[in-house]
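Here are my notes for you to read with the model open. Take them one point at a time and find each residue as you go.

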Amino acid sequence: SWDRVAIIDFLEKAEGSSLEGAIGYGRGLPPRNSADRASAIDALAKVTQPLPQALANFVQHDAIDTVCALRQHTGRPQFLVRLEFVVGDTCPKWHCDYNISRSLITYAGPGTVCAHEYGVTRGAPGSVQDVSESAAVHAATGDFLLMKGGKWPGNGGRGAAHRAPPIGAVGACEPKCFRLLLKVDVLEDD
């Protein structure tokens, strides 16, 4: 797989939930504390740069909407935006993430599989031990999926149980079996 990553940082002076005043940093962008800062819009353009222009514009729009909505509803100042191109199976086991939250949009290939909590057997501290397949829900291509993580306030380590859909072993899956995903994580305050 390959990924393109940027962190979108709403500085203390940035008010509201628009990207105006937010900066971006990451690979191929100026460092966080640099005098030469990249705008959040420039950072998102860098993330989507490998895509054909029409698709890049579409994904950038989704990234902007997602980051702004998460900023508005969580009040958090930092977000990790990642575009992933995946060939072969990744994360085939049921698990939960120990983060605040992750939003996913799958543009190509099958969507992420998540589970209703009634079908999840948990261990300590909230780890996923088993999932009843009858509780599994398969997100479709184009669906928006918001998964609360183990650090979500009040979750006590019990993040949303999920796994990647099977598409075939690396090197053995058909050339047309791949996934293209946008991931936006809410980061913890520094």
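**Notes on the model**

1. Let's start with Tyr-107: its relative accessible area is 16%, so Tyr-107 is buried (that word means under 20% relative accessible area, while exposed means over 50% and partly exposed is in between, using a 1.4 Å probe and protein chains only). Before you go on, know that this is a predicted model, where local features need pLDDT of at least 70, side-chain atom pairs count only at pLDDT 80 or more, and totals for chains, interfaces and linings use all residues. Residues are numbered from 1 along each chain as its sequence is written, and side-chain values use heavy atoms, leaving out hydrogens and water.

2. Now the aromatic pairs. A search of the whole structure turns up three of them (rings of Phe, Tyr and Trp, the last by its six-membered ring, pair if their centres lie within 6.5 Å; planes under 30 degrees apart count as stacked, over 60 as edge-to-face and the rest as tilted). Phe-10 and Phe-79 make an edge-to-face pair, because their ring centres are 5.9 Å apart and their planes are at 85 degrees. This pair links distant parts of the chain, with Phe-10 in strand β1 and Phe-79 in strand β4, 69 residues apart (helices, H or I of at least four residues, and strands, E of at least two, are DSSP runs numbered from the N terminus). Phe-10 and Phe-79 are both buried.

3. What about Phe-58 and Tyr-107? Their ring centres are 6.2 Å apart and their planes at 80 degrees, so this pair is edge-to-face. Here, too, distant parts of the chain are linked: Phe-58 is in helix α2 and Tyr-107 in strand β5, 49 residues apart.

4. Next, the largest nonpolar core, which has 29 residues (a core is a set of buried Ala, Val, Leu, Ile, Met, Phe, Trp, Tyr and Cys residues joined through side-chain atoms within 4.5 Å). Ile-8, Leu-19, Val-67, Val-81 and Leu-182 have the most contacts inside it. Which element gives the most to this core? That's α2, with six residues.

5. Last, look at Gly-109, which sits in the loop between β5 and β6 (113–115). Gly-109 is partly exposed, with a relative accessible area of 26%. The C-alpha atoms of Gly-109 and Thr-141 are separated by 6.5 Å, though these residues are 32 apart along the chain.
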